[in-house]
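The sequence and the model come first, followed by notes grouped by topic.

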Amino acid sequence: MAVLCLAGMLLMVSGNAEAASHQSEITYFNEEILTEPKTGAEIYRLEFGVSTPEIQFTRKAVKKNPKQLQLIFKKTKLGKVEREQQLDGRYAGDITFDDKKSGKVLVTVNFAGEVKKQGYKIYYAKAEKLTKKPSRLILEIPRRGSYGRDVDFGGLKGRTIVIDPGHGGVDNGASGPSGAKEKAVTLYVSNALKNILRDSGAKVVMTREDDRDVYGPNATDRQELDARVDVARRTKGADVFLSIHCDAFTNPKSNGTGTFVYGKFQEDYRLGSALQAGMLRRGGRYDRGVREANFYVIKHSPVPSALVELAFITNYKEELLLCSDGFQQDMAVGLAEGLAEFLRGYKSSSRVFEDDSKLSPRQRRDKRRKEKEAARSSAKEERSRK
């Protein structure tokens with residue numbers, strides 16, 4: 001999931017927005033295996049000690065070798081660090097340091113699996129007086145398939161889930177202040193979720209697996225949305241339809257994670273609550289709750305459905321999170337947990353879903369109104385019994 005959704009993004013950590021005015025030095029390299037305190041997930045950490053509090057670098061995947069990740073340190077020289085080192089084979093095979101280009105150090109890490117699938121996160125750590133550690137750039141790689149001690153994906157095996165990565169093709173969706181596109185973020189998270197679900201024994205059908213329109217070129221909004229719902233209609237034995245989006249608002253301070261349901265079926269509310277709880281547990285953002293909405297894809301879905309808003313792409317801090325491979329993976333895990341929780345108590349055979357695509361608009365409205373009223377009444381009765 002380690003992909004940049006900010007085109008040409010340059011990561012620089014410093015006390016100001018200007019480039020470092022003097023040369024830094026990579027003073028040491030260290031590797032260690034840690035346990036994430038909240039979840040118990042195993043993490044492989046690579047530390048690059050640097051001599052200045054300013055670090056200017058870019059990162060890129062290698063097209064010819066999907067297992068390689070490169071870090072290019074600018075205005076940096078290499079200290080007394082071995083040029084080639086073997087690493088823990090479960091996470092990464094080896095690492096090389098190349099300082100042949102004047103003023104630059106090229107670091108190449110060979111992952112155990114494909115970088116996009118294995119995932120990683122990278123961040124800056126300030127110097128620590130107590131431990132006498134200098135400023136550091138830290139690269140963390142999770143062991144593939146290791147999500148921690150409190151993860152429960154039981155309930156997914158044998159289920160069929162339709163995932164709808166919001167927007168795509170000519171429709172970019174919302175954009176962030178740094179240029180991140182919603183259509184890219186939703187696809188990254190959807191693909192990460194797909195991998196988790198399939199590894200857990202579920203069948204996954206995607207409305208799109210790359211950057212394209214689902215209906216096709218020159219479609220109307222209605223045609224495009226209906227094409228997404230139609231994937232669920234055509235998928236035999238579909239249990240759930242999940243549409244993944246990023247929220248947006250004119251106020252850049254708006255933030256948080258939310259879930260929308262239409263309430264056509266009683267199960268919609270339980271699905272929405274489970275997904276929201278999973279995302280909050282893993283993503284840790286402000287809780288915007290589970291709300292009803294008249295969104296086309298969840299209104300016309302033939303199976304229990306929900307539309308999730310991961311975070312606000314129009315909020316600068318949350319835009320950075322949404323482009324972070326770590327946050328993307330966390331949200332995918334949270335969604336998988338929510339789906340598993342819902343499906344453990346859901347029997348799809350208990351309801352026969354009808355394809356109402358051939359009904360007239362008025363007939364469809366009347367049918368939806370009656371279903372919604374019945375679902376609200378049933379949910380109210382259930383709450384009163386608790």
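A residue counts as buried when its relative accessible area is under 20%, as exposed when that area is over 50%, and as partly exposed in between. By that rule Arg136, with a relative accessible area of 2%, is buried. The model is predicted.

- Six strands form an open sheet with mixed pairing, in the order 13-12-14-17-15-16.
- At its edges are strand 13 (203–206) and strand 16 (287–292), each of which pairs on one side only.
- On average, neighbouring strands of this sheet are turned by 20° against each other, direction ignored.
- Strand 15 (residues 257–261) and strand 17 (residues 305–312) run antiparallel and are joined by three bridges.
- Phe260 has Leu307, in strand 17, as its bridge partner.

**Helices across the sheet**

- Helix 2 (residues 182–199) lies across strand 12 (160–165), strand 13, strand 14 (240–247) and strand 17. Its direction is at about 145° to strand 14.
- Helix 4 (residues 266–283) lies across strand 14, strand 15, strand 16 and strand 17. Helix 4 runs at about 170° to strand 15.

**Helix 3**

- Helix 3 (residues 221–234) has 14 residues, which at 1.5 Å a residue should span 20 Å; its end C-alpha atoms are 20 Å apart, so the two values agree.
- Helix 3 has a kink of about 25°, centred on Arg228.
- Arg228 is also one of the buried residues of helix 3, along with Glu224, Ala227, Val229, Val231, Ala232 and Arg233.
- These buried residues pack against strand 12, strand 13, strand 14 and helix 5 (296–299).
- Asp230 and Arg234 are four residues apart in helix 3, so about one helical turn separates them.
- In an α-helix there are 3.6 residues a turn, so residues three or four places apart point the same way.
- Asp230 is partly exposed at 26% relative accessibility, while Arg234 is exposed with a relative accessible area of 59%.

**Other salt bridges**

- The structure has 21 salt bridges.
- Arg285 and Glu318 meet through their side chains in a salt bridge (3.1 Å, N to O).
- Arg285 is in the loop between helix 4 and strand 16, and Glu318 is in helix 6 (residues 316–322), so this pair ties together parts that are 33 residues apart in sequence.
- Arg285 counts as partly exposed at 27% relative accessibility, whereas Glu318 counts as buried at 0%.
- Salt bridges with shared partners link Glu32, Arg45, Glu47, Lys121, Glu128, Lys133, Arg136 and Glu140 into one network.
- Glu128 is partly exposed, with 34% relative accessibility.

Methods:
Residues are numbered from 1 along each chain as its sequence is written. This is a predicted model: local features need pLDDT of at least 70, side-chain atom pairs count only at pLDDT 80 or more; totals for chains, interfaces and linings use all residues. Side-chain values use heavy atoms; hydrogens and water are left out. Two strands pair if DSSP finds at least two bridges between them. Helices (H or I, at least four residues) and strands (E, at least two) are DSSP runs, numbered from the N terminus. Axes are lines fitted to C-alpha atoms, for helices over the stretch in contact, and angles run from 0 to 180 degrees between N-to-C directions. Contact means heavy atoms within 4.5 Å. The expected span of a helix is 1.5 Å times one less than its number of residues. The bend at a residue is the angle between axes fitted to the seven residues ending there and the seven starting there. Buried means under 20% relative accessible area, exposed over 50%, partly exposed in between (1.4 Å probe, protein chains only). A salt bridge is a side-chain nitrogen of Lys or Arg within 4 Å of a carboxyl oxygen of Asp or Glu.
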